[in-house]
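User: I've got a new model to go through. Can you walk me through the packing?
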Amino acid sequence: DIAYTLQAGRAQFAYRRIAVSRDARDAATVMHGQDPARLFTSEYLGEPFRIAFLFPGQGSQHVNMGRELYDAEPLFRDQIDVCARRLQPFLGIDLREVLYPADPDSSEVIARLKQTEYTQPALFAVEYALVELWRSWGIEPAAVMGHSLGEDVAACVAGVFSLEDGLRMVAERGRLMRALPDTGLMAAVFASEARVREALAGLGDEVSIAAVNGPENVV
């Protein structure tokens, strides 16, 4: 019973009681008694806990991510299936073949998931399906935040746009990024934007600042 309660979750009540006991019989004895050394009662008067959902961006993907949830949780599986069906016209393949391939150790399969046009839709689908699963358990975020692609998932979860529009946008975003030439390099520099601009002053147009991630973090 205790294991089931911990697995399925408990209702939140203002009054809480804790019994210190050796086994079930001892627990019943303590609960029926009023020994202050073994029975503790208190009232929770604070504000409810607020939860934020944070979504990672590209680079956190891997083959079979969420596979156990896909096999064991019908709601998670349904959401992945919905995303896969809606993405197929844009990707030209079933997303589940990328996420959950027959041979997950194949170098070809691993390389395919690293391709931007598949990486971004795959991450979007898994992150969105996770949100729907948590919501089905009664866990609602008070805030959402994401990095890069994760920002798109956060926006979708917040109701900025529909799932269908989000999937279409992410698929097109990945396609356009993949179509860019495979030339050039990026470097993360732990210095201020002003310092980096000073260092780049004599390099012409070949090098430029792409992003300022923080006061001392420039790409």
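User: Which residues are buried in helix 9?
Analyst: This is a predicted model. In helix 9, Leu163, Gly166, Leu167, Val170, Ala171 and Gly174 are buried.

User: Where do they sit around the axis of helix 9?
Analyst: Looking down the axis, the buried residues fall within an arc of 130°, so they line one face of helix 9.

User: What covers the buried residues there?
Analyst: The cover includes helix 4 (74-91), helix 7 (116-136) and helix 8 (149-157).

User: What span should helix 9 have, at 1.5 Å a residue?
Analyst: Helix 9 covers residues 163-178, which is 16 residues, and should span 22 Å. Its end C-alpha atoms are 22 Å apart, which agrees.

User: Now the largest nonpolar core. Which residues touch the most other members?
Analyst: The core has 37 residues. Phe55, Phe76, Ile80, Leu95, Leu99, Phe124 and Leu163 touch the most other members.

User: Which elements each supply at least two residues of this core?
Analyst: Strand 3, helix 4, helix 5 (95-99), helix 6 (107-113), helix 7, helix 8 and helix 9. Helix 7 gives the most, with 10 residues.

User: Take Ile80. What does Ile80 touch?
Analyst: Leaving out residues up to four places away in sequence, Ile80 touches Tyr70, Arg96, Leu99, Tyr100, Ala125, Val126 and Ala129.

User: Switching to strand 3. Which face is covered, and which uncovered?
Analyst: Strand 3 (residues 52-55) has Phe53 and Phe55 on the covered face. Ala52 and Leu54 are on the uncovered one.

User: How many bridges join strand 3 to strand 4?
Analyst: Four, and the two strands run parallel. Strand 4 is residues 143-146. The bridge partner of Phe55 there is Gly146.

User: How many aromatic pairs are there?
Analyst: Two. Phe53 and Trp134 form an edge-to-face pair, 5.9 Å centre to centre with 80° between the planes. Phe53 lies in strand 3 and Trp134 in helix 7, so the pair ties together parts that are 81 residues apart in sequence.

User: Is Phe53 buried or exposed? And how does Trp134 count?
Analyst: Phe53 has 8% relative accessibility, so Phe53 counts as buried. Trp134 has 37%, so Trp134 counts as partly exposed.

User: What about the rings of Tyr70 and Tyr100?
Analyst: Their centres are 4.9 Å apart and their planes are at 40°, so that pair is tilted. Tyr70 lies in helix 3 (residues 67-72) and Tyr100 in the loop between helix 5 and helix 6, so the pair ties together parts that are 30 residues apart in sequence. Tyr70 and Tyr100 are both buried.

Technical notes. Residues are numbered from 1 along each chain as its sequence is written. This is a predicted model: local features need pLDDT of at least 70, side-chain atom pairs count only at pLDDT 80 or more; totals for chains, interfaces and linings use all residues. Side-chain values use heavy atoms; hydrogens and water are left out. Buried means under 20% relative accessible area, exposed over 50%, partly exposed in between (1.4 Å probe, protein chains only). Two strands pair if DSSP finds at least two bridges between them. The expected span of a helix is 1.5 Å times one less than its number of residues. The arc is that of the directions from the helix axis to the C-beta atoms. Contact means heavy atoms within 4.5 Å. A nonpolar core is a set of buried Ala, Val, Leu, Ile, Met, Phe, Trp, Tyr and Cys residues joined through side-chain atoms within 4.5 Å. Rings of Phe, Tyr and Trp (its six-membered ring) pair if their centres lie within 6.5 Å; planes under 30 degrees apart count as stacked, over 60 as edge-to-face and the rest as tilted.
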